[in-house]
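User: I'd like a close look at one part of this model, and then a walk along whatever else you can say.

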Amino acid sequence: MMLKKKEKNLKKKLKIKIMSIEDNLKKLNLEIPEAPDPVGNYKAYIKSNNLIFISGQLPIDPNGKIITGKIGLDLNQQDGENATKLAILNVLGQLKKATGNLNSVKKCIKITGYYNCLENFKDHPKLLNTASDLIVNILGEKGRHARAVVGVNSIPLNAAVELETIFEI
């Protein structure tokens with residue numbers, strides 16, 4: 001009898017968590033885009049046991065337009081934040097495609113951000129905060145993650161940012 005009560009309580013908790021991801025998306029006025037197809041000879045994501053490795057996602061909008069340019073030269077801080085937001089939404093699109101449902105995500109393990117920027121640009125962490133904050137706002141505690149961020153001389157298709165991620169399901 002005690003076990004059934006615990007199962008019932010667990011189901012209630014899970015239901016709350018399931019609803020909270022959808023509620024968070026609505027509250028943030030966000031829609032997860034359709035996952036873009038890879039632009040080369042690779043897979044957009046790989047499942048290995050309980051991990052999903054998502055290939056680098058670019059800031060591609062729903063119309064297929066990419067935010068391009070070098071931050072600090074062609075693009076400013078706000079442009080970099082907008083590009084980061086698009087890229088992390090594309091990550092979530094791939095994650096949803098890989099899992100069928102974001103509610104199966106146990107945690108975001110790591111986000112790596114690559115920024116196309118001038119060599120003297122120093123605000124990479126601030127730009128990646130856009131992705132980190134969004135993941136935490138959507139997934140709650142399951143969204144807390146490790147991360148790395150680097151500035152690079154170029155990114156494929158001259159994109160402003162590329163985000164690579166690992167999730168546990």
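What volume does the largest pocket have?

Analyst: About 180 Å³, counted as the space filled by probe spheres on grid points joined across faces, edges and corners. A pocket here is an open set of points on a 1 Å grid over the protein atoms alone, where a 1.4 Å probe fits, with protein on both sides within 12 Å along at least five of seven lines; lining residues have an atom within 4 Å of a point. Keep in mind that this is a predicted model, where local features need pLDDT of at least 70 and side-chain atom pairs 80 or more, while totals for chains, interfaces and linings use all residues. Numbering runs from 1 along each chain as its sequence is written, and side-chain values use heavy atoms, without hydrogens or water.

Of the 14 lining residues, Val39, Tyr42, Gly56, Gln57 and Leu58 sit closest to the pocket's centre. By class, the lining has eight nonpolar, four polar (Gly goes here) and two charged residues.

Now for helix H3, residues 124–139, where histidine 124 has its place. His124 counts as buried because its relative accessibility is 13%, and buried means under 20% (1.4 Å probe, protein chains only). Beyond four places in sequence, His124 is in contact (heavy atoms within 4.5 Å) with Tyr115, Cys117, Val149, Val150 and Gly151. Other buried H3 residues include Leu127, Leu128, Ala131 and Ile135. After H3 comes glycine 140, with a positive phi near 70°.

Notes:
Helix = DSSP H or I, 4+ residues; strand = E, 2+ residues; numbered from the N terminus. Buried < 20%, exposed > 50% of the residue type's maximum accessible area, 1.4 Å probe, protein only.
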